[in-house]
Amino acid sequence: MTLRPYTYVTLSIRPDSEPHVRVSFHTPGLRASAGLLLENPRPYLEFTSSEANVHISTSGAGPVTDADLAIAREIFTAAARYLADCEQLHAEQADKDATDPAA
């Protein structure tokens, strides 16, 4: 079963716990951008669709810390893995389509 593209947002609030927000993008309309905010120089990373935006920047919107560098490296590694997985699956699907007479 193939679903239509969508963005899914949930907010969980439990007694004696901090709120938890989850955003899941399942849409080809997702855009990613990064840059440097000039008024208070700090980097940002943003994921945007017509339904939701996720903005990531430094701790407390302040100077870059060692923790910020660690998070940036985790994001980079995860994005590289996501790209590699997408490329592999896309190639496998293309090979299957090329050999499937019903395609």
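Reader: Where is Ile13 found?

Author: Ile13 lies in the loop between β1 and β2. Strands here are DSSP runs of E with at least two residues, helices are runs of H or I with at least four, and both are numbered from the N terminus. This is a predicted model, in which local features need pLDDT of at least 70 and side-chain atom pairs count only at pLDDT 80 or more, while totals for chains, interfaces and linings use all residues. Residues are numbered from 1 along each chain as its sequence is written, and side-chain values use heavy atoms, with hydrogens and water left out.

Reader: Is Ile13 buried or exposed?

Author: Ile13 is exposed, because its relative accessible area is 61%. The cut-offs are under 20% for buried, over 50% for exposed and partly exposed in between, with a 1.4 Å probe and protein chains only.

Reader: Which residues form the nonpolar patch with Ile13?

Author: Val9, Leu11, Val21 and Val23 form the surface patch together with Ile13, and the accessible area of the patch is about 470 Å². Patches take residues with over 30% relative accessible area and no salt bridge; nonpolar side chains (Val, Leu, Ile, Met, Phe, Trp, Tyr) are joined within 5 Å, like charges within 9 Å. Accessible areas come from the Shrake-Rupley method with a 1.4 Å probe, and for residues only the protein chains shown count as cover.

Reader: And which strands supply at least two residues each?

Author: Those are β1 (6–12) and β2 (20–26).

Reader: Changing topic, why does Ser49 count as buried?

Author: Ser49 counts as buried because its relative accessibility is 9%. Ser49 sits in the loop between β4 (42–48) and β5 (53–57).

Reader: What does the Ser49 side chain make polar contacts with?

Author: The side chain of Ser49 pairs with that of Glu51 at 2.9 Å and with that of Thr7 at 3.5 Å. A polar contact is a pair of N or O atoms within 3.5 Å; within protein, one must be able to donate a hydrogen and the other to accept it, and residues adjacent in sequence count only if both atoms are side-chain atoms.

Reader: What else is Ser49 in contact with, leaving aside neighbours within four places in sequence?

Author: Besides Thr7, the list holds Phe25, Thr27, Gly29 and Leu30, where contact means heavy atoms within 4.5 Å.

Reader: How many salt bridges are there?

Author: The count is one, and this salt bridge joins the side chains of Arg81 and Asp85 at 3.0 Å, N to O. The rule asks for a side-chain nitrogen of Lys or Arg within 4 Å of a carboxyl oxygen of Asp or Glu. Arg81 is exposed at 57%, whereas Asp85 is partly exposed at 30%.

Reader: Where is Asp95, and how far is it from Val9?

Author: Asp95 belongs to helix α1 (residues 66–99). From Val9, Asp95 is 86 residues away in sequence and 35 Å in space, C-alpha to C-alpha.

Reader: What about the chain overall?

Author: From the N terminus, the elements run β-β-β-β-β-α. The radius of gyration is 18 Å, whereas a compact globule of 103 residues would have one near 13 Å; the value is taken over C-alpha atoms, and the globule rule is 2.2 Å times the number of residues to the power 0.38. Of the 103 residues, 11% count as buried.
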